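I opened the notebook with the coordinates loaded. These entries record what I looked up.

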Amino acid sequence: MTRTFNADVCTAITKSNSHRFYSANLYIPDQVECIASEVFQKKRELSTVRFPASLKNIGARAFQGCSALSSVDLPQQVEDIGPGVFSQCSSLEKVSLSRAISSVPKAAFRGNYRMKMFRFPRIPGFPQSARKHFFNVHL
């Protein structure tokens, strides 16, 4: 189950301040703990994201439709990712999830047909229905 977060309680990137961080190669500052929903949605030229070790939550559809994004390596402190967070990232080939994640929302990676490697710890909440969205993937 994805927890909601309050941007006033944690250091967050929201739609109102995301322009300060955005470029094709995104380096999220070390103090950021949360990325709000839909912040970088459909940023088609976004190819690289460096997530800080401080990151704990990524909101729904935060990176949906980032078609140049090829890999995602989440820090070990990330506890929650929202529905559709990396869906429709048509170049996405590699994903490594954090050990702190307790569940993966159903559509978190939907539509990523180039996926070749998906690393994740044993997650009781990982829905069997989500596996059909990965072709040629080592699960």
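Which residues form one aromatic cluster? I found Phe40, Phe51, Phe63, Phe86 and Phe109 in it.

**Ground rules.** The model is predicted: local features need pLDDT of at least 70, side-chain atom pairs count only at pLDDT 80 or more, and totals for chains, interfaces and linings use all residues. Residues are numbered from 1 along each chain as its sequence is written, and side-chain values use heavy atoms, with hydrogens and water left out.

**Aromatic pairs.** I paired rings of Phe, Tyr and Trp (its six-membered ring) with centres within 6.5 Å; planes under 30 degrees apart are stacked, over 60 edge-to-face, the rest tilted. That rule gave me four aromatic pairs. One of them, phenylalanine 40 with phenylalanine 63, is stacked, at 5.4 Å centre to centre and 20 degrees between the planes. This pair links distant parts of the chain, 23 residues apart. Phenylalanine 40 sits in the loop between strand 3 and strand 4, phenylalanine 63 in the loop between strand 5 and strand 6. Strands are DSSP runs (E, at least two residues), numbered from the N terminus. Both phenylalanine 40 and phenylalanine 63 are buried. I took buried as under 20% relative accessible area, exposed as over 50%, and partly exposed as in between (1.4 Å probe, protein chains only).

Next I checked phenylalanine 51 against phenylalanine 63. The ring centres are 5.8 Å apart and the planes stand at 80 degrees, so the pair is edge-to-face. Phenylalanine 51 lies in the loop between strand 4 and strand 5, so the pair ties together parts 12 residues apart in sequence.

**Core.** I then listed the largest nonpolar core, which has 33 residues. Such a core is a set of buried Ala, Val, Leu, Ile, Met, Phe, Trp, Tyr and Cys residues joined through side-chain atoms within 4.5 Å. Those with the most contacts inside it include Phe51, Phe63 and Phe86. Leaving out residues up to four places away in sequence, phenylalanine 63 touches, among others, Leu26, Ile35, Val85 and Cys89. Contact here means heavy atoms within 4.5 Å.

**Leucine 55.** Beyond four places in sequence, its contacts include Val32, Pro75 and Val78.

**Positive phi.** Lysine 42 has phi near 60 degrees, positive in a residue other than glycine. Lysine 42 is partly exposed, at 47% relative accessible area. Arginine 61, also not a glycine, has a positive phi of about 55 degrees. I read 29% for arginine 61, so that residue is partly exposed.

Methods:
Helix = DSSP H or I, 4+ residues; strand = E, 2+ residues; numbered from the N terminus.
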